[in-house]
Amino acid sequence: MKVFIVCGTNHKGSTYHFGRIIAEKLTTAENISEVFLPRDFGEFCCGCTNCFVKSEENCPHYAKLKPITELIDGSDVIILTSPVYVYHATGQMKAFLDHYGWRWMSHRPDERMFGKQAVVVATAAGAGVKSTMKDMADSCFYWGIPQIYRLGKPIKAVNWEGVSPKLKDNINSKADSMAKKILKRQGKVPIPIKTRAFFKLMSLMQRNGWNKVDAEYWKEKGWIGSKRPWK
Ligand SMILES: Cc1cc2nc3c(=O)[nH]c(=O)nc-3n(C[C@H](O)[C@H](O)[C@H](O)COP(=O)(O)O)c2cc1C
């Protein structure tokens with residue numbers, strides 16, 4: 001199993017450790033890839049909308065993003081991690097996710113997404129874990145990832161060393177049961193009703209899609225009919 005961690009900061013803090021704990025329960029170290037933001041990708045979307053109306057290849061940051069896109073596509077499990085910064089994901093995580101708007105189900109989802117699973121991870125000193133995990137889970141859902149898990153906690157600390165052993169144990173056992181579920185579903189990831197229903201809605205919309213590039217993509221895939229990107 002290939003696991004890909006996108007770390008929403010440059011440093012290996014508490015949030016990184018949460019993500020790494022779950023990754024190591026899923027696979028061996030050589031099958032885990034990591035990128036750090038903004039070190040490995042720090043661009044802001046410039047709003048040209050080329051990705052939507054022309055092609056993702058017309059994004060001015062396409063070449064920089066390509067190796068990361070390849071890691072996403074080649075992974076079975078994607079782990080997005082971010083500490084809570086003023087109740088939300090870090091700016092660099094948001095800027096990263098903005099670059100994949102064209103991959104949302106409302107535009108041109110990639111069929112490989114429907115066989116993947118994702119974990120969103122957040123830590124806060126006190127509050128904001130739920131909204132931060134949602135920031136990342138929204139993209140995972142709209143990319144088409146059918147199973148998304150949440151691992152988040154207020155840790156009452158500002159670094160990993162300050163996290164109490166009791167809380168570390170608690171995270172470890174949560175990650176254990178999450179990993180069991182992920183491993184069990186690997187290779188036959190169930191598609192929930194919410195994904196099926198949203199895909200159907202998009203399929204109806206794309207029959208007379210306002211955006212030619214998206215409409216043609218859906219037509220080519222056969223998804224405006226009964227064909228689906230899952231079995
Ligand atoms: C700019 C900034 C904003 C923060 N905002 C919040 C917040 O809204 N709520 C909160 O409980 N903690 C907040 N924190 C604390 C961090 O979320 C918390 O310490 C987190 O566990 C750090 O994770 P890390 O070790 O992975 O960097 C903030 C920290 C920074 C630097």
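Hi everyone, let's start with a contact between two helices. On the helix 1 side we have Phe18, Ile21, Ile22, Lys25 and Leu26. They meet Leu167, Ile171, Asn172, Ala175, Asp176, Met178, Ala179, Ile182 and Leu183 of helix 6. What classes do these residues fall into? In this contact of helix 1 with helix 6, eleven are nonpolar, one is polar and two are charged. Please keep in mind that this is a predicted model.

Now for the geometry. Helix 1 covers residues 14–26 and helix 6 covers residues 165–185, and their axes come within 9 Å and cross at roughly 40°. Because of that angle, helix 1 is oblique to helix 6. Their crossing is right-handed.

Next, the other pair. Helix 7, residues 193–207, packs against helix 8, residues 212–221, at an angle of about 115°, and the axes are 9 Å apart. So helix 7 is roughly perpendicular to helix 8. This time the crossing is left-handed. Helix 7 brings Phe199, Met202, Ser203 and Gln206 to the contact, while helix 8 brings Asp214, Ala215 and Trp218. By class, the contact of helix 7 with helix 8 has four nonpolar residues, two polar and one charged.

Finally, the ligand. Which of the 17 residues around the ligand come nearest? They are His11, Thr15, Val84, Thr123 and Gly126. Ser14 has a backbone N or O atom 2.9 Å from an oxygen atom of the ligand. For Val86, a backbone N or O atom lies 2.9 Å from a ligand nitrogen atom. And a polar backbone atom of Ala127 is 2.8 Å from an oxygen atom of the ligand.

Note on methods: Residues numbered from 1 in each chain as written. Predicted model: local features only at pLDDT ≥ 70, side-chain atom pairs only at ≥ 80, totals over all residues. Heavy atoms only, no water. Axes fitted to C-alpha atoms, helices over the stretch in contact; angles between N-to-C directions. Helix = DSSP H or I, 4+ residues; strand = E, 2+ residues; numbered from the N terminus. Parallel < 35°, antiparallel > 145°, perpendicular 65-115°, else oblique. Left-handed = near helix turned anticlockwise from the far one by under 90°. Contact = heavy atoms within 4.5 Å. Nonpolar A, V, L, I, M, F, W, Y, C, P; charged D, E, K, R; others polar. Near = heavy atom within 4 Å. Polar contact = N/O pair within 3.5 Å; in protein donor to acceptor, adjacent residues only side chain to side chain.
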